[in-house]
Amino acid sequence: MNTSFPYPILYESPRLVVIDKPAGLPVHPGPKAQHSVEALFPLLSRRKDGPWLVHRLDTDTSGCLMIALRKQALVEAQALFASGQVRKTYWAVVTNAPDHAEGMIEAPLRKVTSKEGWHMEAHPDGQDARTKWRVLSRQGNKALLELDLLTGRTHQARVHCQVLGCPILGDARYGGGAGRLHLMSRALEATLSGETVRAQAEPPTFMKESCQSFELAWP
């Protein structure tokens with residue numbers, strides 16, 4: 001097990017690792033943030049051909065992030081993500097509890113760019129996007145949801161919760177108000193040639209504290 005990496009390593013093999021990315025850490029360095037997941041890659045491997053991000057998480061989303069240490073594993077894992085063969089489970093605290101216990105959101109998504117920036121929106125001309133959801137706990141107008149992302153579109157969990165009428169707490173862009181984004185990648189599961197990747201991340205402290213303050217039972 002790698003002991004120098006500053007964040008929890010949830011799964012590790014010679015070809016792949018899954019880390020628990022903290023909320024607030026971008027995956028790429030940028031003009032506003034030099035610290036990033038990619039900046040930490042030398043702590044995972046000194047090989048010249050890698051590592052590589054298999055997929056991405058928003059800066060404010062915490063949890064399971066898969067990284068390939070070998071090119072063949074990258075190609076194989078990305079193909080599984082693209083074909084919907086990776087199970088991706090997210091947890092979200094939402095500001096408006098849904099009426100039902102579970103359901104499916106099927107709402108295509110497209111990117112919209114304006115002078116103020118960009119965002120995603122549900123639109124018939126967008127890319128196919130499907131999310132299964134179920135209520136883990138509810139109290140008053142708040143709920144803790146489990147989201148299974150059957151596709152992998154940008155901001156899918158965030159926009160689909162908005163479509164459901166239940167914006168994610170702290171998601172100002174999609175109607176959830178100011179504050180920290182209460183969304184995490186809880187678990188990943190994928191079967192590649194020669195190995196099955198299973199990883200589960202612990203929710204960040206602020207999500208647990210919010211659930212406690214809202215009297216939402218923790219699973």
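Q: Before anything else, what do buried, exposed and partly exposed mean here?
A: A residue is buried when its relative accessible area is under 20%, exposed when that area is over 50%, and partly exposed in between. Please keep in mind that this is a predicted model.

Q: OK, helix 3 then: which of its residues are buried?
A: Helix 3 covers residues 205-213, and its buried residues are Phe 206, Met 207, Ser 210 and Cys 211. Seen down the axis of the helix, these buried residues fall within an arc of 140 degrees, so they line one face of helix 3.

Q: Why do residues three or four places apart point the same way in an α-helix?
A: An α-helix has 3.6 residues a turn, so residues three or four places apart point the same way.

Q: And which exposed residues are on the face turned away from the buried side of helix 3?
A: That face carries Thr 205, Gln 212 and Ser 213, which are exposed.

Q: What do the buried residues of helix 3 pack against?
A: They pack against three strands, namely strand 5 (87-94), strand 10 (142-149) and strand 11. After the helix comes Glu 215, and its phi is positive, near 60 degrees.

Q: Which residues are on the covered face of strand 12, and which are on the uncovered one?
A: Strand 12 (residues 195-200) has Glu 195, Val 197 and Ala 199 on its covered face, while Thr 196, Arg 198 and Gln 200 are on the uncovered one.

Q: How many salt bridges does a search of the whole structure find?
A: The search finds 11 salt bridges. One of them joins Arg 15 to Glu 195, with the closest N and O atoms 2.9 Å apart. That pair links distant parts of the chain, since Arg 15 is in the loop between strand 1 (9-12) and strand 2 (16-21), while Glu 195 is in strand 12, 180 residues apart.

Q: Are those two buried or exposed?
A: Arg 15 counts as buried at 18% relative accessibility, and Glu 195 is buried too, with a relative accessible area of 13%.

Q: What about Lys 208, which residue does it form a salt bridge with?
A: Lys 208 forms a salt bridge with Glu 202, where the closest N and O atoms are 3.2 Å apart. Lys 208 counts as partly exposed at 35% relative accessibility, and Glu 202 is partly exposed with a relative accessible area of 48%. Elsewhere, salt bridges that share partners join Arg 15, Glu 76 and Glu 195 into one network.

Q: New topic: how many aromatic pairs does a search of the whole structure find?
A: It finds 2 aromatic pairs. In one of them, the rings of Phe 5 and Tyr 7 have centres 6.1 Å apart and planes at 80 degrees, so the pair is edge-to-face; the cut-off for that label is an angle over 60 degrees. Phe 5 is buried, with a relative accessible area of 7%, whereas Tyr 7 is partly exposed at 22%. The rings of Trp 91 and Trp 218 have centres 5.5 Å apart and planes at 80 degrees, so that pair is edge-to-face as well.

Q: Where do Trp 91 and Trp 218 lie?
A: Trp 91 lies in strand 5 and Trp 218 in the segment after helix 3, so the pair ties together parts that are 127 residues apart in sequence. Trp 91 is buried, with a relative accessible area of 4%, and Trp 218 counts as partly exposed at 32% relative accessibility.

Q: Last one: which ring does the charged end of Lys 111 sit over?
A: The charged end of Lys 111 sits over the ring of Trp 118, 4.7 Å from its centre. Lys 142 lies over the face of Phe 214, at 4.7 Å from the ring centre.

Technical notes
Residues numbered from 1 in each chain as written. Predicted model: local features only at pLDDT ≥ 70, side-chain atom pairs only at ≥ 80, totals over all residues. Heavy atoms only, no water. Buried < 20%, exposed > 50% of the residue type's maximum accessible area, 1.4 Å probe, protein only. Helix = DSSP H or I, 4+ residues; strand = E, 2+ residues; numbered from the N terminus. Arc of directions from axis to C-beta. Contact = heavy atoms within 4.5 Å. Phe/Tyr/Trp six-rings, centres within 6.5 Å; stacked < 30°, edge-to-face > 60°. Lys NZ or Arg CZ within 6 Å of the ring centre and 35° of its normal. Salt bridge = Lys/Arg side-chain N within 4 Å of Asp/Glu carboxyl O.
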